[in-house]
Amino acid sequence: MRPRVLVVDDEIGVRRALERGLTAEGMDVVCAADGPNGLKAALTGSFDVVLLDIMLPGLSGYRVLQHMRAEHVETPVLLVSAKDGEVDQADGLDLGADGYLVKPFSFMVLVAQVRAVLRRGASTEAAAVQLKVGELVIDRAGREVRWAGEPVALSPREFAVLEVLVSRAGAVVTKDELLRTVWGDELAATRNAVEVYVGYLRRKLDAVGAGDVVRTIRGHGYMASSPELDAALRR
């Protein structure tokens, strides 16, 4: 699947420009306009890299990064700022940033840095061990799912479907994408199999009160989200 980038910036022009440019570079881009909403999105653990402005309303980029690392979210973060002082850059790197870009920056340099942290993430297997959407938590290492702290028993295939959806939290995943990712080959199963397993998954989530997490987006596919994440990613 395409690399997933979270852009957190309060300037709508910057968000739109980065969304257009990074999408053209083969990435899926999600945007948030302030610190609190950027943090809500980042804490899902469902992004491959975060582009994080430092001067944000509500919560600075430094504090967003600090909260991420305190919650053991190890998603690579590139800080973006108009401040070019050595102290500012050192502060960001000390908090756990993976890079620092000074505005105005070259888009080519930004893409190169994004690709560099994506390569490092792939080589060090830095994928999030835990994914979160609302009260739903997926422990990838233990292959366990919990809702509000209580275990949810899923079959291996149901777990795989849920993992893919939550790893793209807030975005639509098509049936074909699920076929490729979960079954390994679009010819190994049919779209009907996807519908069947999403149905199985929904029934088990419904039984524990998590029925609203997985949604059908008619004509497009499925999406995992929560009211809080919906609000955070609203433009």
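Analyst: Strands are DSSP runs of E with at least two residues, helices are runs of H or I with at least four, and both are numbered from the N terminus. This is a predicted model, in which local features need pLDDT of at least 70 and side-chain atom pairs count only at pLDDT 80 or more, whereas totals for chains, interfaces and linings use all residues. Residues are numbered from 1 along each chain as its sequence is written, and side-chain values use heavy atoms, leaving out hydrogens and water.

User: Why do the side chains alternate like that?

Analyst: In a regular strand, side chains alternate between the two faces of the sheet.

User: Which strands pair with β3, and in what sense?

Analyst: Strand β1 (residues 4-8) pairs with β3 in the parallel sense over four bridges; pairing requires that DSSP finds at least two bridges between two strands. Val5 has Val49 in β3 as its bridge partner. Strand β4 (residues 77-81) also pairs with β3 in the parallel sense over four bridges, and Asp53 stands opposite Val80 in β4.

User: Changing topic: what is the order of the open sheet of four strands?

Analyst: The order is β6-β7-β8-β9, with antiparallel pairing. β6 (130-133) and β9 (150-151) stand at the edges, each with a single partner strand, so one side of each has no neighbour in the sheet. Strand β8 (residues 144-147) is joined to β9 by two bridges, and Trp147 has Glu150 in β9 as its bridge partner.

User: Which helix lies across β6, β7 and β8?

Analyst: Helix α6 (residues 156-167) does, running at about 115° to β7 (136-139). Axes are lines fitted to C-alpha atoms, for helices over the stretch in contact (heavy atoms within 4.5 Å), and angles run from 0 to 180 degrees between N-to-C directions.

User: And how many residues are in the largest nonpolar core?

Analyst: That core has 55 residues, and Leu52, Leu79, Leu162 and Leu178 have the most contacts inside it. A nonpolar core is a set of buried Ala, Val, Leu, Ile, Met, Phe, Trp, Tyr and Cys residues joined through side-chain atoms within 4.5 Å. The largest share of this core, seven residues, comes from α6. A second, separate core of 17 residues includes Val5, Met27, Val49 and Val111.

Notes:
Buried means under 20% relative accessible area, exposed over 50%, partly exposed in between (1.4 Å probe, protein chains only).
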